[in-house]
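Please open the structure in your viewer and keep the selection tool at hand. This tour goes from one selection to the next and says what is found at each stop.

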Amino acid sequence: NGYEGNLYKMCFADNPYNSHKKRDYKYIPDAVAQQLDKVFYYEDVDETVKCIYWVLRLIPSRISEVLNIRIDCLKPFDGHYCLFVPTWKQNGGHREPIMRCIHIENEGMGGYLISLIHKQQKLSKRLQKYIPESKKGALFTMQSKMYRADGHIDCRNMYNVMSWANLSEKLKTICDRYNVVDSDGKIYYVTTHQFRHNGVTDRLEKGFTVEQVTDITGHHGSTMLLDAYSHLNL
């Protein structure tokens, strides 16, 4: 209420932003997802990129969370494994992240993901001595390759932690190389955040409860999950 009994409209009563609007183009069509799965399972794709792909595909996450996973992220527990994934978006603004604990059975696709993470852990540990102090400890440490015009590959002193821009470019190249196409026959360029939309939608469609999905994604409520990430209308 304003002064002298005058009523004033609360300036935040209506949200002018449409961030929760459902955008169906963010859901990867099933036919495209199947093509991508075959490429990243059967083809000779860079092991670091392959590991990131399957983390995104199997555990609905933001790319910032995945790229900040630490080397010691995987712990055996009571006959299975726990994967610890950091998240900052819903931690109240604190510098230290909230750790999501994802329980994974060591069989089927869960076993395949665990084997990829173990390979990446070995690679990252081997490369730590070449990485600046500020970047040490990241799971997705990698040795970059430069393909020269004469056909030679240069890997000398090219050590870094995978970035979002680098990964996006690699995904684009893979979609081109393996002819990943949509229903119109056009090359489909997947984005990292689309996997989160698919992960949420596919689980709800298969019967997961909202509480189970929010536990996996790290959401503190169901509004964002149902309004933006679920594309059951498709």
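Which residue in S3 does Phe-84 stand opposite? Select Phe-84 and look across to S3, where the residue standing opposite is Cys-101. Please keep in mind throughout that this is a predicted model.

Next, select the strands around this pair, starting with strand S2 (residues 80-87), which runs antiparallel to S3 and is joined to S3 by seven bridges.

Most residues other than glycine have a negative phi. Asp-78, however, has a positive phi, near 50 degrees. With a relative accessibility of 67%, Asp-78 counts as exposed, because the cut-off for that class is over 50%.

A second residue can be visited in the same way: select Asn-179, in the loop between helix H5 (164-177) and helix H6 (194-205). The phi of Asn-179 is also positive, near 55 degrees, and with a relative accessible area of 48% this residue is partly exposed.

For the next stop, select helix H1 (residues 30-42) together with helix H2 (residues 47-58), whose axes come within 10 Å and cross at roughly 140 degrees. The two helices, H1 and H2, are therefore oblique to each other, and H1 passes H2 in a left-handed crossing. To see where they meet, show the side chains of Ala-33, Leu-36, Asp-37, Phe-40 and Tyr-41 in H1, and those of Val-49, Lys-50, Tyr-53, Trp-54 and Arg-57 in H2. Sorted by class, this contact has seven nonpolar and three charged residues, and no polar ones.

Finally, select the whole chain, which has eight helices and seven strands. Of its 234 residues, 41% are buried. Among the contacts in the chain with a separation of 6 or more, 55% are between residues 24 or more positions apart.

Terms used
Residues numbered from 1 in each chain as written. Predicted model: local features only at pLDDT ≥ 70, side-chain atom pairs only at ≥ 80, totals over all residues. Heavy atoms only, no water. Axes fitted to C-alpha atoms, helices over the stretch in contact; angles between N-to-C directions. Helix = DSSP H or I, 4+ residues; strand = E, 2+ residues; numbered from the N terminus. Parallel < 35°, antiparallel > 145°, perpendicular 65-115°, else oblique. Left-handed = near helix turned anticlockwise from the far one by under 90°. Contact = heavy atoms within 4.5 Å. Nonpolar A, V, L, I, M, F, W, Y, C, P; charged D, E, K, R; others polar. Pairing = 2+ DSSP bridges. Buried < 20%, exposed > 50% of the residue type's maximum accessible area, 1.4 Å probe, protein only.
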